[in-house]
Each structure stands twice: as C-alpha cells, then as structure tokens.
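Please find below a colleague's note on the model shown here.

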Amino acid sequence: MRLGVLDVGSNTVHLLVVDAHPGARPLPAHSHKAELRLAQLLDGSEAIGPEGVDRLIAVVRDALQAAEDKGVEDLLPFATSAVREASNADEVLARVKEATGVELQVLTGEEEARLTFLAARRWFGWSAGKLLCVDIGGGSLEIAYGIDEEPDAAVSLPLGAGRLTAGWLPGDPPDPADVRALRRHVRAQIARTVGEFSRLGTPDHVVATSKTFKQLARLAGAARSAEGLYVQRDLKRESLEAWVARLAGMPAAERAALPGVSEGRAGQLLAGALVAEGAMDLFGVERLEICPWALREGVILRRLDHMETAQIPHSTAPVTA
C-alpha cells in the first residue's frame with residue numbers, strides 16, 4: 001500500500017510518501033516539504049499565535065492535496081516539540097482538525113527517541129550490537145540506547161537547534177559571549193543524562209540522524225546526498241570541533257554558502273553544532289555514523305509492524321511434536 005507520513009516539526013512540515021507492505025523496507029515515492037519554523041512563531045506566553053496557526057493550516061492543506069495527488073491510502077499525521085510544548089497546543093490541534101480534518105498525534109519526547117531508535121536499528125540491523133542513537137531536531141535533542149528494537153534508555157532534552165538559536169544567539173554573527181553561554185547551557189543539560197546511559201555499558205555503534213548531523217558531516221567531508229543512501233557517512237569529533245570554531249565567526253549568509261548547508265537552516269547550524277559537539281564529547285564518542293532513516297521512517301515501520309501483527313492468524317490448536 002502507499003503510506004504517507006505527515007510530520008509537523010519545529011522547522012518544517014514534511015510529507016513523506018512511501019510504498020510499503022509488512023516484511024519489506026519502505027520505498028520512498030514522494031517528498032513534500034514546507035519550512036514553517038513553528039518553534040520561532042511562539043509568542044511571549046509560549047503560544048502559537050493566530051498567524052502561525054493559519055500558516056500551519058495552509059501548509060497541512062497543501063500536504064493533504066499532495067498526498068491525494070500521489071494516491072496515499074493511509075496518512076499518519078503527527079507533531080513534535082513545537083506543538084507539544086506550545087501553551088495553546090490543544091487549541092492549535094482543534095483548529096487544525098476543524099479546518100483540515102487532520103487529527104495530529106502529538107508525540108512525547110520519549111516516543112520520538114524510541115521511534116527514531118527503531119528506524120536506526122532496522123537500518124543497521126542486529127549486527128550493530130548495542131546502539132547509541134542521537135537526533136537533533138529544531139526543538140529538541142533525542143538520545144536512545146539499547147540492544148533490541150526497543151531502547152533500554154531514551155530521553156528528550158529541550159536542545160533543538162532552532163529553539164536554542166532563537167533563545168540564545170540573537171546576533172549575526174553571534175556574540176562570542178553568547179556562544180560561550182550557550183555552550184555551557186548545552187553541556188550542563190546533556191551531562192545530567194550521561195549517567196543513565198553509561199551504566200548500560202559502552203555502545204558498539206554510535207549513529208546520528210537529522211538534517212543537522214547530515215549537514216555537519218557534509219562539512220567535515222562526507223559524501224553528498226546525491227551519491228545515494230547507501231554510502232557510509234561519518235562525522236569525527238575532531239573535525240566537528242574545528243568547524244564549531246569556524247561557524248561561530250560566520251554570519252548566516254556565509255554559512256549558507258558552505259557545501260551541503262541550506263539557506264533556511266544556516267542560521268541555526270552553529271547551535272546544532274554546539275549540541276552535536278557536546279553530546280559527542282560528554283558521551284566519549286570519537287566518531288559516529290549518519291543514519292539515513294529517522295523519526296518518519298520509525299513511524300512507518302511501527303505502522304507496518306501493527307499491520308503485520310493484525311494479519312497473523314491466532315490458532316488455538318495445541319502444538320504437537
């Protein structure tokens with residue numbers, strides 16, 4: 001069947017259309033994106049204002065039309081931290097449903113971490129052993145660790161690249177004092193969680209998802225996206241540390257000219273790099289591998305798992321030798 005995942009994130013609203021059936025990997029068929037930056041549309045009371053809600057409704061309508069045009073049979077709509085943490089989240093969800101008929105499922109931060117981990121586990125397989133998975137979104141940072149498909153530990157921290165840029169780095173280029181203050185804040189937040197993971201042992205494989213990590217890996221010399229999903233892409237902490245210092249002195253326009261960096265995300269790349277650097281340093285990671293699959297694929301895989309379970313006949317006959 002043709003499935004659609006509608007991801008209302010902190011930076012973008014992204015419709016991913018895949019051809020999928022239980023037992024097979026989902027094949028991407030279409031992608032429709034709109035930059036909305038909900039995390040930056042919050043007012044002083046942390047609410048999404050009327051203009052932001054109107055823009056969200058318009059983008060969801062466009063995505064619905066794209067899903068219809070592409071023959072989507074089942075749409076899985078969800079929202080992450082920007083909607084989840086808005087003070088008027090219930091009102092926003094009600095307005096979207098009334099105007100479009102779409103009932104957004106709001107994922108908790110831990111659900112985001114678990115679903116992203118599931119996608120990474122399926123991508124790398126059981127041979128990856130104990131897996132540490134890190135994801136930097138626009139509104140939050142997710143970290144998960146485990147040896148099975150369900151992680152043994154999963155946390156979500158309010159350290160998204162868009163959120164931190166809006167709250168901590170007003171200058172362009174940012175003031176060095178602001179960069180240092182953000183660095184301290186990021187590391188203090190991450191350090192609180194390290195003990196929960198370190199007691200579980202050293203991971204066999206460390207992976208990262210999200211656009212932020214992909215862009216940082218590209219800056220550090222990883223292959224271009226045009227070279228395909230199956231090219232291994234790594235990010236070394238040594239290379240990242242050098243780029244953090246360079247990015248801190250660049251205005252957004254200069255960052256946008258760097259290889260692999262989009263104009264829309266250039267402004268928040270430094271904050272994302274500080275989070276990535278802090279996570280790699282505090283977790284003792286020298287190198288990580290970029291995973292092409294992330295939260296959207298995790299949502300699809302979970303849906304396919306439920307479909308497969310529903311199709312298995314349950315026999316009451318006794319098992320005989």
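How many helices and strands does the protein chain have?

1. The protein chain has 12 helices and 11 strands (DSSP runs, H or I of at least four residues for helices and E of at least two for strands, numbered from the N terminus). Its radius of gyration is 20 Å, close to the 20 Å that the globule rule gives for 321 residues, so the chain is as compact as a globular protein of that length (taken over C-alpha atoms; the rule is 2.2 Å times the number of residues to the power 0.38).

2. This is a predicted model, in which local features need pLDDT of at least 70 and side-chain atom pairs count only at pLDDT 80 or more, while totals for chains, interfaces and linings use all residues. Residues are numbered from 1 along each chain as its sequence is written, and side-chain values use heavy atoms, without hydrogens and water.

3. Of the 321 residues, 51% count as buried (under 20% relative accessible area, 1.4 Å probe, protein chains only).

4. The largest nonpolar core holds 48 residues, and Leu-132, Leu-141, Ile-190, Phe-213, Leu-247 and Leu-288 touch the most other members (a core is a set of buried Ala, Val, Leu, Ile, Met, Phe, Trp, Tyr and Cys residues joined through side-chain atoms within 4.5 Å). Helix H11 (residues 269-282) gives the most to this core, with 9 residues. Apart from it lies another core, of 26 residues, including Leu-6, Val-13, Leu-38 and Leu-56.

5. Leaving aside residues up to four places away in sequence, Leu-132 touches, among others, Ile-143, Phe-197, His-205 and Phe-283 (contact means heavy atoms within 4.5 Å).

Definitions and conventions. Buried < 20%, exposed > 50% of the residue type's maximum accessible area, 1.4 Å probe, protein only.
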